[in-house]
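Subject: Structure handover

Hello,

Here is the structure we discussed. Please have it open while reading the notes below.

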Amino acid sequence: MEPTPENMQHLSGFLGQTLSPDPATRKGAEAQLTAAKVQPGYAPLLLKMILQDGFPAEIRLQAAIQFKNLINQHWTASETHDYCMSDGDKASIKSEIVGAMLTAPEKLQPFLSEALGTMSNADFPLDQKWPELMPQLMQHMDSSDPNVVQATLRTTQAITRKYRNASHTDELWNEINMVLTLSHDRLLNTHKNCLSAMAANAANKQVLDTIFSTLELVARVFYDLNYQDIPAAFDDNLDVWMEGFRQLICLPDAVKALFPTSGDDDKLSIMHAMQRSVCEALLLYADKYIVIVDDTDNRSARVDERPVFQKHLGTFVEAVWGLLTHLGVQPQLDKLAVSAIRFLSSVLKGTHYSFFQPAHLESIVANVVVPGLRIRESDEEDFEDNPLEYMQRDLEGGASDTRRGVTCSLVNAMCSHFEEAATQLCNKQMDALMGLYAANGTDWQSKDTALYLFIALATKAETKARGVLSTNPHVNLIDFFQRHVLADLQTVTAANVSKNPILMADLLKFVLTFRNQLPKEAYGVVFPILNILLSSPDCIVHTYAACCVERMLTVKDGTVPRVTKADIQPMLQPLLTNLFGCFEHEASKENPHIMKCVMRLVTAAEGDAAPAAPMLVSKLTSILSDLCKGFQHGIAPKNPAFHHFIFESLAAVIKCVCAGGDQHAVATMEATMIPPFQMVIEQDVTEFQPYFVQIVAQLLERRAQPVPEVYFTILPMLLQQPLWAAKSNQPALTRLVRAYVERGGAQVVANQGLFHQILGLVQTLMMAKMTDHYAFSILSSIICHVPPAKFPEFLPVLTNAALDRFQKLPANSNGKFLRSLLVFFSLHMAKHGPDMLLDQLEAVQPGLMEQFLTHVWAPKLPLVVTDATDKKICQVGMARLLCECSRTFAFQCWPAAMDSVCKLLRDNRVNLSMLPQDDDVDFDFIVSYNNSSFLPLVNAAQDKSSTDPLQDIDASSYVVERLKTVVQSAPHLAQHVQNLAVQYQIV
């Protein structure tokens with residue numbers, strides 16, 4: 001694809017169409033761009049378009065996005081993307097990308113930066129595929145143009161940021177030192193020159209803007225290059241660097257006055273952004289390099305400790321503390337405050353906490369902790385106007401990067417070494433805050449602050465799933481709960497449910513946080529109050545109430561749920577009524593927390609939920625119907641997690657009402673679920689297809705034979721290629737096709753056309769590396785449930801195709817195909833004996849089975865087969881091959897092959913003994929809609945025993961019995977059997 005004006009215009013047109021409001025136009029343009037990406041010259045053409053001033057800004061932006069995605073996905077070959085960019089295109093891009101980074105508009109540089117990062121991860125300096133990169137880049141660092149210097153630093157950071165996440169290896173360390181050889185002196189000179197220029201231009205804000213922008217980039221590169229360890233270049237010049245950082249933290253008041261924090265400006269000023277990057281670098285050193293342990297001298301047992309950052313620590317504790325003390329509480333300063341507070345927390349938690357004295361702690365509590373926890377006007381506005389964003393920060397673990405969140409962590413850090421003193425100081429502040437609230441009932445902000453302070457102080461260890469696991473022994477949690485939480489909750493009635501919603505949310509958060517510590521008696525008092533609060537019109541209040549119900553249902557005393565089925569039964573209908581009432585409020589129409597609570601109630605109630613099943617199914621399918629109508633009108637899904645929990649709830653209802661194989665209940669659910677399933681397939685509602693397929697599979701797996709005809713009317717559409725093209729559908733569709741074969745195998749075989757379609761699907765799936773394991777999964781069900789008399793019609797063809805595919809696998813294959821092939825062969829023999837498969841392989845090539853056993857099967861089996869059920873299948877299948885088939889007794893590889901079987905037995909015993917005991921599923925995950933994501937429905941999961949095709953066989957006993965027959969049938973192998981018995985202790 002040459003960079004001609006015509007090609008540029010065509011590409012511009014397609015990029016513009018991707019922004020069209022018409023879905024059909026967008027899809028058509030996206031299809032054209034997908035087809036174009038494999039053409040030589042496409043990526044360089046995109047890069048040229050990014051740099052062309054003649055194209056509109058939105059077109060150049062789309063080109064930058066396409067270029068970044070293309071580089072990320074296709075610069076190197078991978079199993080997830082079949083296409084890899086040509087060497088010619090790579091060379092063209094390498095020659096232009098650095099110049100592009102220096103000249104592209106600043107808004108487009110992040111996309112080019114990410115692309116360059118991907119390129120450097122792959123080619124620099126591995127195998128020296130891009131040796132000219134750093135020399136070409138560093139020559140621009142000496143430019144007198146600050147814009148060029150900044151662009152060079154951004155490009156450098158695109159290369160160095162990978163060091164933050166990379167594993168430490170000798171190769172990586174050599175790479176870092178190579179980069180430093182070319183860059184350190186220039187970085188340090190830039191750092192010093194900027195400090196000098198800052199002093200000379202202390203009254204010139206325009207100049208200072210440029211200086212601080214440069215210094216911020218220098219600090220970020222400093223962080224990257226020091227992340228793995230302190231290189232000698234930085235170690236030798238550490239005093240210079242740290243003195244510079246001190247100056248940047250302790251800026252003169254005249255300089256700070258030039259960068260006031262405006263209440264109307266929500267963007268961090270460049271001065272504060274620079275200080276944030278400096279604090280991040282200081283935090284890195286505080287975490288890792290206060291003292292370096294030098295144990296490289298193996299001749300001595302003594303470990304040498306060399307102070308590195310220790311001598312600077314006191315200076316920076318004072319400097320950062322001073323910065324925080326005078327830092328405003330405006331939201332735009334939060335990122336700087338977060339970094340600075342984390343630095344203090346790191347020192348407080350570490351071994352050098354002695355820098356802090358009681359006077360310091362008192363000042364920190366009064367001047368940092370209490371202001372950091374106090375609710376602000378912006379928080380109140382978010383509570384009212386952006387409830388979902390507020391909850392994401394406060395409830396869903398998003399608070400770790402907020403000022404409130406890190407302030408709570410600071411309190412925890414103070415308690416690491418000063419628990420009693422910190423508790424006394426915090427109690428003093430809490431008493432004062434509660435006094436203000438008691439004196440003036442309208443000062444709810446003081447109680448809000450006190451509640452957050454108590455939660456931070458009392459929490460010693462917690463997990464998101466389990467809640468607080470241990471508490472501060474110096475606080476009386478139950479007394480605080482009764483006086484300051486329960487007392488207010490007990491005033492709640494249906495009439496005043498809307499009163500002071502922020503404080504009510506705080507009280508609910510306390511209950512949610514300390515659910516494990518509250519006694520069962522408190523549960524009995526709290527649950528009716530929670531039910532009332534579910535009727536609150538405030539989104540956050542009824543959401544927090546639902547979260548309390550949902551999480552409290554997971555609490556156990558030992559193995560016994562604290563809230564039993566008997567406790568739930570009288571509350572179930574009122575709770576469900578109020579939960580579904582929450583969806584009537586606009587802000588909660590797609591509230592995942594409410595739907596998650598519905599799901600949890602159904603799963604906790606088990607069989608007691610059956611009477612509510614008709615109402616549940618009606619409500620849930622009505623919501624789904626409305627969502628589908630919205631999709632058809634181009635309304636994008638707002639919250640994929642909400643949709644996930646709808647289907648989890650439906651699956652839970654099916655699990656509940658269809659327990660024990662109640663066919664009437666199954667038929668009722670089929671009549672409700674299959675029609676909307678057909679509609680979702682026919683109307684191509686891709687967001688719901690994987691979920692509905694799992695629901696239908698769940699129903700079909702509970703069906704008694706014969707399978708109703710309605711299932712076979714929808715089977716042809718399930719075998720269509722477009723449905724299988726979506727990666728998110730493939731796991732669920734595979735399970736459903738397996739269910740057809742397992743529950744209605746005779747009916748499937750009787751319909752010759754359908755059966756051939758399934759076989760054609762298997763062959764298609766087997767030929768692609770992303771889907772071959774699905775092919776073997778379906779084929780395994782066919783082996784188990786189709787009469788062996790039908791095998792000659794299709795099995796030789798599929799076996800030959802599998803062997804042909806195996807021979808063409810690249811040497812660096814990850815073993816997925818081989819694992820599937822070995823398990824399939826083993827299952828074939830475990831179910832039908834070894835002779836049929838042995839004859840098939842011998843028909844392909846005489847001696848093929850022995851060669852395959854010798855060079856592939858025996859040596860690779862323990863390496864590629866790791867699943868317990870797969871191991872069992874391989875043990876039984878290979879035992880039949882090696883112990884029942886007399887032809888294999890003459891194989892030279894017999895001892896090695898039998899050794900691999902016994903090794904699997906030993907490994908399986910070890911693995912089973914290490915499995916965790918019955919543990920609750922937490923359902924905390926990220927849900928997103930894209931073409932490759934698949935999330936299994938936990939409540940629709942198959943019973944583990946049903947996934948074992950040999951569930952009636954104990955593999956260990958089976959192998960032992962077969963080995964005993966070998967001693968009689970093949971005396972020349974008796975010594976080998978005896979050796980195996982001794983080595984693996986199996987006989």
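Between which two helices is the place of Glu-606? The loop that holds Glu-606 runs between helix H27 (592–605) and helix H28 (613–632). Before going further, please keep in mind that this is a predicted model.

Backbone geometry

Glu-606 has a phi near 55 degrees, which is a positive value in a residue other than glycine. Its relative accessibility is 43%, so Glu-606 counts as partly exposed.

Asp-684 is another entry under this heading: its phi is near 60 degrees, again positive in a residue other than glycine. Asp-684 sits in the loop between helix H30 (663–682) and H31. With a relative accessible area of 44%, Asp-684 is partly exposed, because the range for that class lies between 20% and 50%.

The peptide bond from Gln-705 to Pro-706 is cis, and its omega is near 0 degrees. Pro-706 is placed in the loop between helix H31 (689–700) and helix H32 (709–718).

These entries are listed because most residues other than glycine have a negative phi, and most peptide bonds are trans.

Side-chain contacts

Is Asp-394 buried or exposed? Asp-394 counts as buried, because its relative accessibility is 15% and the cut-off for buried is under 20%. This residue belongs to helix H19 (residues 387–394). The side chain of Asp-394 is in polar contact with the side chain of Lys-509, at 2.9 Å.

Thr-577 is part of helix H26 (residues 565–582). A polar atom of the Thr-577 side chain lies 2.9 Å from the backbone oxygen of Gln-573. Thr-577 has 46% relative accessibility and therefore counts as partly exposed.

Surface charge

Which residues form the negative surface patch? Glu-377, Glu-381, Glu-384 and Asp-385 make up the patch. One of them, Glu-377, is found in helix H18, which covers residues 377–385. Glu-377 has a relative accessible area of 60%, so this residue is exposed, the cut-off for that class being over 50%.

Regards

How values were computed. Residues are numbered from 1 along each chain as its sequence is written. This is a predicted model: local features need pLDDT of at least 70, side-chain atom pairs count only at pLDDT 80 or more; totals for chains, interfaces and linings use all residues. Side-chain values use heavy atoms; hydrogens and water are left out. Helices (H or I, at least four residues) and strands (E, at least two) are DSSP runs, numbered from the N terminus. Buried means under 20% relative accessible area, exposed over 50%, partly exposed in between (1.4 Å probe, protein chains only). A polar contact is a pair of N or O atoms within 3.5 Å; within protein, one must be able to donate a hydrogen and the other to accept it, and residues adjacent in sequence count only if both atoms are side-chain atoms. Patches are made of residues with over 30% relative accessible area and no salt bridge: like charges are joined within 9 Å, nonpolar side chains (Val, Leu, Ile, Met, Phe, Trp, Tyr) within 5 Å. Accessible areas come from the Shrake-Rupley method with a 1.4 Å probe; for residues, only the protein chains shown count as cover. A salt bridge is a side-chain nitrogen of Lys or Arg within 4 Å of a carboxyl oxygen of Asp or Glu. Lys and Arg count as positive and Asp and Glu as negative; His and the chain ends are not counted. The place of a charge is taken as NZ of Lys, CZ of Arg, CG of Asp or CD of Glu.
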